Amino acid sequence: MPDPLIYHRQPPKLLPLYARALAPKHAVDSNEIALPCLSAELIGASTNNETLTRYEAICGFHSGLRVPATWPHVMAFPLQLELLSDNHFPLPLLGLVHLRNTITQHRSIGRGEILDLRVRLGAQESTSRGLEFDLITEAYSAGQLVWEESSINLSRRPETKNSNTTKKSPPPELERYPHTLSLTAPESIGRRYASVSGDRNPIHMHAVSARAFGFPKAIAHGMWSKAQALALLEQQKDWRSGPMRINCQFKKPLLLPGTAQLNWRTGESGWDYQLLNAKGNAPHLSGRIEWL
């Protein structure tokens with residue numbers, strides 16, 4: 001098992017990691033893959049910097065004494081990329097699909113607070129679509145776990161001859177919630193979000209590069225969509241800060257430029273939310289916020 005990679009105060013540089021990610025991987029059968037026990041740590045990372053201010057503006061958060069609940073995800077992205085581009089990681093980085101994301105904030109994190117970040121590969125599962133695996137991120141303050149994230153990713157199985165004959169079950173009927181706000185995603189949002197998150201996947205950057213991966217246009221980052229939804233929900237009446245769990249399932253891509261509808265309902269134990277297309281008849285993502 002490779003030793004944990006440990007960084008102090010500064011995360012690994014992204015450019016060499018992207019260069020490493022482009023190196024070809026040997027073709028392997030996903031049924032035979034056993035992901036290695038990779039992990040990386042960043043010790044003594046400050047939550048407050050110039051990038052945080054830009055991130056808040058791009059995602060719609062109001063700047064304050066606490067950082068957005070999605071911000072540690074961005075802080076840990078270089079560590080995540082370190083693992084996914086590691087020579088021991090057998091799957092190609094390009095083509096991975098982010099399926100689900102769950103963030104648990106055990107308490108609000110102060111602006112300028114110093115965190116220790118840890119990222120590791122979690123459980124894996126072989127499905128009809130390919131290999132799903134968990135990328136786990138944790139944030140500690142003075143040795144106490146204050147924030148954690150589970151990101152389920154999919155490495156698709158190569159298409160088979162019979163794949164086109166498989167009948168897909170119809171999607172469940174879409175439930176509409178009582179509250180709705182409009183959201184605008186400009187053509188440049190993929191590049192702007194990439195500039196603060198470091199996630200420069202070609203499918204988000206330009207229509208030309210997105211078409212190389214089968215998309216008619218560039219698509220919004222899933223974590224930008226989640227952050228934008230959270231920023232809008234935080235501005236609503238009866239919102240509660242502090243301990244919470246925010247989960248979502250990523251569904252249809254949001255093509256850029258585009259508009260969407262944030263649709264939600266409130267409740268005592270939590271809020272259900274979904275980001276719908278402009279017509280309101282298909283979801284880009286759906287999820288729930290639970291107060292802990």
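Student: Let's start with Y55 and W71: buried or exposed?
Tutor: Keep in mind that we're looking at a predicted model. Here the cut-off for buried is under 20% relative accessible area. Y55 falls in that class and so does W71, which makes the answer for Y55 and W71: buried.

Student: How do the rings of Y55 and W71 sit, stacked, edge-to-face or tilted?
Tutor: A ring pair is described by the distance of the centres and the angle of the planes. For Y55 and W71, the centres are 5.1 Å apart and the planes make 50°. Stacked needs under 30 degrees and edge-to-face needs over 60, so this pair is tilted.

Student: Which parts does the pair of Y55 and W71 tie together?
Tutor: The two partners are 16 residues apart in sequence. Y55 belongs to helix α2 (residues 50-59) and W71 to helix α3, so the parts tied together are α2 and α3.

Student: And W239 with W271, what kind of aromatic pair is that?
Tutor: Their ring centres are 5.5 Å apart, with 75° between the planes.

Student: Where do W239 and W271 lie, and how many residues apart in sequence are the parts they tie together?
Tutor: W239 is in the loop between α7 (222-234) and β8 (244-250). W271 is in strand β10 (residues 270-277), so the pair links parts whose separation in sequence is 32 residues.

Student: Which residues touch the most other members of the largest nonpolar core?
Tutor: Nonpolar side chains tend to be buried together in soluble globular proteins. In this model the largest nonpolar core has 72 residues, and helix α3 (residues 71-84) gives the largest share, nine residues. The members touching the most others are Y55, W224, Y273 and I289.

Student: How is α2 placed relative to α7, roughly parallel or roughly perpendicular?
Tutor: The two helices pack with axes 9 Å apart, at an angle of about 80°. Y55, I58 and C59 on the α2 side meet W224, A227, Q228 and A231 of α7. Angles of 65 to 115 degrees share one label, so α2 is roughly perpendicular to α7.

Student: Which ring does the charged end of R118 sit over?
Tutor: The distance from that charged end to the ring centre is 4.1 Å. The ring belongs to Y140.

Terms used: Residues are numbered from 1 along each chain as its sequence is written. This is a predicted model: local features need pLDDT of at least 70, side-chain atom pairs count only at pLDDT 80 or more; totals for chains, interfaces and linings use all residues. Side-chain values use heavy atoms; hydrogens and water are left out. A nonpolar core is a set of buried Ala, Val, Leu, Ile, Met, Phe, Trp, Tyr and Cys residues joined through side-chain atoms within 4.5 Å. Buried means under 20% relative accessible area, exposed over 50%, partly exposed in between (1.4 Å probe, protein chains only). Helices (H or I, at least four residues) and strands (E, at least two) are DSSP runs, numbered from the N terminus. Rings of Phe, Tyr and Trp (its six-membered ring) pair if their centres lie within 6.5 Å; planes under 30 degrees apart count as stacked, over 60 as edge-to-face and the rest as tilted. A charge sits over a ring if NZ of Lys or CZ of Arg is within 6 Å of the ring centre and within 35 degrees of the ring normal. Axes are lines fitted to C-alpha atoms, for helices over the stretch in contact, and angles run from 0 to 180 degrees between N-to-C directions. Angles under 35 degrees count as roughly parallel, over 145 as roughly antiparallel, 65 to 115 as roughly perpendicular and the rest as oblique. Contact means heavy atoms within 4.5 Å.
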